[in-house]
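Thanks for sending this one over. Here are my notes, in the order I would go through them at the screen.

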Number of protein chains: 2
Amino acid sequence: MTTMATFPLAVVGTVALDDVATPAGEARAVLGGSATYFSVAASLFTRVGLVGVVGEDFPVKFRELLAGRDIDLSGLETAKGRTFHWAGRYDGAMNAATTLQTDLNVLETFTPRLSEAHRRAPVVFLANIAPSIQHSVLDQLLPPASGARLVVADTMNLWIDVQREPLLAVLRRVDGLLVNDQEARSLSGEKNLIAAGRRLLGAGPRFVIVKKGEHGAFLFAKDRAFALPSYPLEDVRDPTGAGDSFAGGLLGALAAGRHATTADLIDAMIYGTVTASFAVSTFSLDGLARVSPADVQQRAAELRRFVDPRPG
Amino acid sequence: MTTMATFPLAVVGTVALDDVATPAGEARAVLGGSATYFSVAASLFTRVGLVGVVGEDFPVKFRELLAGRDIDLSGLETAKGRTFHWAGRYDGAMNAATTLQTDLNVLETFTPRLSEAHRRAPVVFLANIAPSIQHSVLDQLLPPASGARLVVADTMNLWIDVQREPLLAVLRRVDGLLVNDQEARSLSGEKNLIAAGRRLLGAGPRFVIVKKGEHGAFLFAKDRAFALPSYPLEDVRDPTGAGDSFAGGLLGALAAGRHATTADLIDAMIYGTVTASFAVSTFSLDGLARVSPADVQQRAAELRRFVDPRPG
């Protein structure tokens, strides 16, 4: 008899080896990927089950970094071939990445097979991955042991361009959508970001969060809208993974608390924002992996103060 | 014996005839200019003395529009020649204007001569105009009849490029600096906006406000930093004058209240933000000129709610 692993939060996404160049420096063959950043971020708050695939070249030290945290790796498959590889560059104010190379490698044939524990996770994040794979994950989900299910999806411009209809169908099957400003504009067809957010809210999910990088994030929910500036950072070294770290902090905080009212979402956005602020302060996951829960709480208090218009 | 006009707020800047094209439409030979937008915005809160120059072609209807508000026009000179003319275009998300034509006309030889009332105005705004002219205004100022003097300056990239040293000297003579994000980066030499704001705060003024258009504004003061998102607008028709309307609402609210603590500045930023939101909803000053103080208060309450992370 074996005890089934359980965790309140599961993520399906990419695990990558990244080459990144920014005005602050360069890093080669470092740990990256949407599920990776998400999991390390979320593990600051709760136990998270990572579903993804790596190749035979995936370094042991990176597996150990993940295993050393509150991350369940039973869903991390090792396939024949090389790990997904992304190379990108950030210039100037580092608002957008220029992709230099993408080698799908083992991702090309990846079909996530979820265990019972993943299927019943109360909170599920569909990180940026093909909408067809997001549907396959949604098809596998089973009711959680107790309480409500919360499913949130991310995406990227590639899928908006080439798998628009399957992606719109994903929106009708999830509770929340998490996109950046360009994706919100492109998916909604609205240039104005407020109009874009409201249009996406009408497309299925009960909330939409639009990430604006250094400019913060918007929440569009049925009962209210909310704007949160970013944590003020003087030194951004590598924006890679900022959005996934935001998502990890957000859903980690939500999963730890187990509700997702608008007030909970707003509170979780504060945690997503400060978690992302740690991620962008160093290359790869070096900064985020060193953060303590006390560091998170301190920046959360600083951010609340930064945005508080009340005197004192 | 004549009664001297008095007003708590004076502005020195441009009065223009604008041609503007945006994705929402076009307008030709409409009322524009930094001092114009500022005055109409500020007159929602307090009486304002406008110092500027127009040509003989300046339409009577525009003079009447200004005179019909709480704006003192004794400092609006009419010079031989044509009014300053600006033609510009906004594309896409309308984040930045492309200048198509600038005809200085009567501005070319403009030297502001301030009356006693202007010289003693407790609050003075040096709108975007040549730093040499800003110095000439500063040279003319006299102590207000009572209370402290508050002087705030704006600028533009042209002056940062061609009159950098005189502009840096202006910073050492004013209380506050109001710039947009590009100007903050270019004037400070810092690409990171938080670093840029802090650097500018070290260059002389006791506060720096960085305007980020649709992304809101930052305040950098000695005792704290503060971020305020923009009022959420679905339909932006013409961003011309947004920054000057923000300044007018900000200093109008400050002049009406007569203090400039950090708490006062934060409160005034809310009024600057909502005032700008009315300005960009229509071409030229059509929208702003129709706004009532009750409209301003309603949007201020909506904005406070929009940025409030507390539940309820």
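Predicted model: local features only at pLDDT ≥ 70, side-chain atom pairs only at ≥ 80, totals over all residues.

1. Local features are taken from stretches with pLDDT of at least 70.

2. Start with the sheet in chain B. Four strands make up an open sheet, and the order across it is β3-β2-β7-β8 (chain B). The pairing is mixed. At the edges sit β3 (25–32) and β8 (97–103) of chain B, each of which pairs on one side only. Going from one strand to the next, the twist averages 15°.

3. If you want landmarks, find Thr22(B), which stands opposite Gly25(B) in β3(B). Another is Val20(B), which has Ala27(B) of β3(B) opposite.

4. How many bridges pair β2(B) with β7(B)? There are six, and the sense is parallel. Leu17(B) stands opposite His85(B) in β7(B), and Asp18(B) has Trp86(B) of β7(B) as its bridge partner.

5. The remaining pair is β7(B) with β8(B), antiparallel over six bridges. His85(B) turns up again here, standing opposite Asp103(B) in β8(B).

6. Over to chain A for a helix pair. A packed pair of helices is described by the angle between the axes and the distance between them. For α10 (residues 262–279) and α11 (residues 293–306) of chain A, the angle is about 115° and the axes are 9 Å apart. That makes α10(A) roughly perpendicular to α11(A). The crossing of α10(A) past α11(A) is right-handed.

7. Which residues make that helix contact? From α10(A) they are Ile270(A), Tyr271(A), Thr273(A), Val274(A), Thr275(A) and Ser277(A). α11(A) brings Val296(A), Arg299(A), Ala300(A), Leu303(A) and Arg304(A). Sorted by class, the contact of α10(A) with α11(A) has six nonpolar, three polar and two charged residues.

8. On to where the chains meet. The contact takes 29 residues from chain B and 29 residues from chain A. On the side of chain B that touches chain A, at least two residues each come from α8 (193–201), β14 (225–228), α10 (262–279) and α11 (293–306) of chain B. β14(B) gives the largest share of that side, four residues. By class, the side of chain B that touches chain A has 19 nonpolar, four polar and six charged residues.

9. Have a look at Tyr231(B), in the loop between β14 and α9 (242–257) of chain B. Is Tyr231(B) buried or exposed? Tyr231(B) counts as buried, because 23 C-beta neighbours lie inside 10 Å. Leaving aside neighbours within four places in sequence, Tyr231(B) is in contact with Thr273(B), Val274(B), Ser277(B), Arg299(B) and Leu303(B).

10. Last, Ser115(A), found in the loop between β8 (97–103) and α3 (116–119) of chain A. With 17 other C-beta atoms within 10 Å, Ser115(A) is partly exposed. Not counting residues up to four places away in sequence, Ser115(A) touches Ser74(A) and Gly75(A). Ser115(A) and Asp154(A) are 39 residues apart in sequence, and their C-alpha atoms are 22 Å apart in space.

Technical notes: Residues numbered from 1 in each chain as written. Chains lettered and ligands numbered in written order. Axes fitted to C-alpha atoms, helices over the stretch in contact; angles between N-to-C directions. Parallel < 35°, antiparallel > 145°, perpendicular 65-115°, else oblique. Left-handed = near helix turned anticlockwise from the far one by under 90°. Contact = placed C-beta atoms within 7 Å. Nonpolar A, V, L, I, M, F, W, Y, C, P; charged D, E, K, R; others polar. Pairing = 2+ DSSP bridges. Buried ≥ 20, exposed ≤ 12 C-beta atoms within 10 Å, placed from the backbone.
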